[in-house]
Amino acid sequence: MIQYKSDDQIRKMRVAGLVVAAIHDALRTRVQAGMTTGDLDAIAFEVLQAHGATSNFYGYYDYPGQICTSVNDVVVHGIPGDLVLQPGDLVSMDCGAVVDGWHGDAAISVVLPGGDPEVRAAREKLNEITRGSMWAGIAAMATGKRVADIGNAIDDFVTDRDEDEQPDILTDYVGHGIGTSMHQEPEVLNYRTEGRSPKLKKGMVLCIEPMLAAGNQATSVDDDEWTVRTIDGSDACHWEHMVAKHKRGIWVLTAPDGGAEGLAPYGITPVPLD
């Protein structure tokens, strides 16, 4: 069942969302070649502790990290550890926080300076398309009537370019509802579908999170039973925001500005409940 939130509950989720945003800010500022993915995990833990929050990832089905750190061909669920980041790496960082029982969840990706210029440029392009497709999906949550409109908008954004420039949309991993638990109904697909889906209603809080691969979307899971990587070894990218719909509009709970900058190209102004 879909958990619909009151305005006060959405405000509480905003608190958790801003902790996630603070983690992202710290990671974006400090990530660099020569660090390990374990170092990134430690940074996230520092921020969580400073805000009196806990990670909703740690211990989830025995997951051992505070965050997920997915590098280059790893799509999602990369476990932080001894992997040393290299110049030009594409690093996706999926982060979560729990405050007073309410969950926040969002992901960012960055391309590190240096490395082979051609490889780095391709990774930056993949990052740009993935991030852009997320904002197209968020805009559709504001203007659409059904949850499927989000996936339709993401699909259209990705495929509205020359075929040789189109990343592949992963279909095995999707967005989701969120609230008093991290993963709730409904599923939020990242691709175009036929048929009916749940109506977009006030009180919904959804995680919109496209995952794209530069090559083929087919994936495998490592022996650690978590790390998901592309079978063909192509680069992958992941972006995510947590978005609330209320009676006066939408509010991107994991964006400090509520989503104003990302939604501006679509002529949409987010409406906070502050």
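User: How many residues does the largest nonpolar core have, and which of them have the most contacts inside it?

Analyst: This is a predicted model, in which local features need pLDDT of at least 70 and side-chain atom pairs count only at pLDDT 80 or more, while totals for chains, interfaces and linings use all residues. Residues are numbered from 1 along each chain as its sequence is written, and side-chain values use heavy atoms, with hydrogens and water left out.

A nonpolar core here is a set of buried Ala, Val, Leu, Ile, Met, Phe, Trp, Tyr and Cys residues joined through side-chain atoms within 4.5 Å. Buried means under 20% relative accessible area, exposed means over 50%, and partly exposed lies in between, with a 1.4 Å probe and protein chains only. Helices (H or I, at least four residues) and strands (E, at least two) are DSSP runs numbered from the N terminus.

The largest nonpolar core has 54 residues, and L40 and I138 are those with the most contacts inside it. Two or more residues of this core come from each of α1 (7-30), α2 (37-50), β3 (90-99), β4 (102-111), α3, α4 (148-159), β8 and β14. The greatest contribution is that of α3, with seven residues. Contact means heavy atoms within 4.5 Å, and, not counting residues up to four places away in sequence, L40 touches L27, V31, M35, I67, T69, L85, V91 and M93. A second, separate core has eleven residues, including I178, M242, A244 and L273. As general background, nonpolar side chains tend to be buried together in soluble globular proteins.

Several elements just named also meet in a sheet. Two strands pair if DSSP finds at least two bridges between them. Five strands form an open sheet in the order β7-β6-β8-β13-β14, with antiparallel pairing. Its edge strands are β7 (184-188) and β14 (249-252), each of which pairs on one side only. With direction ignored, neighbouring strands of this sheet are turned by 25° against each other on average. Strand β13 (residues 241-246) runs antiparallel to β14 and is joined to β14 by four bridges, and K245 stands opposite I250 in β14. Helix α3 (residues 117-143) packs on this sheet, where it touches β8 (205-208), β13 and β14, and the direction of α3 makes about 10° with that of β13. For such angles, axes are lines fitted to C-alpha atoms, for helices over the stretch in contact, and the values run from 0 to 180 degrees between N-to-C directions.

The interior also holds a buried serine. S92 lies in strand β3 and counts as buried at 3% relative accessibility. The side chain of S92 makes a polar contact with the side chain of S109, at 2.6 Å. A polar contact is a pair of N or O atoms within 3.5 Å; within protein, one must be able to donate a hydrogen and the other to accept it, and residues adjacent in sequence count only if both atoms are side-chain atoms. Leaving aside neighbours within four places in sequence, S92 is in contact with C68, T69, S70, I108, S109, A236, C237 and H238, and T69 is also among the residues that L40 touches.

C68, named among the contacts of S92, leads on to the cysteines. The structure holds zero disulfides, a disulfide being a pair of cysteine sulfur atoms within 2.5 Å. C68 is in no disulfide, and the nearest cysteine sulfur, that of C95, is 8.4 Å away. C95 is likewise in no disulfide, with the sulfur of C68 as the nearest cysteine sulfur at 8.4 Å. Both are buried: C68 has a relative accessible area of 5%, and C95 has one of 0%.

For contrast, two aspartates lie in loops and are exposed. D62, in the loop between α2 and β1 (68-71), has a relative accessible area of 68% and is therefore classed as exposed; D100, in the loop between β3 and β4, is exposed with a relative accessible area of 73%. D62 has a positive phi of about 70° although it is not a glycine, and D100, also not a glycine, has a positive phi of about 50°. Most residues other than glycine have a negative phi, and most peptide bonds are trans. The peptide bond from E185 to P186 is cis, with omega near 0°, and P186 lies in strand β7.
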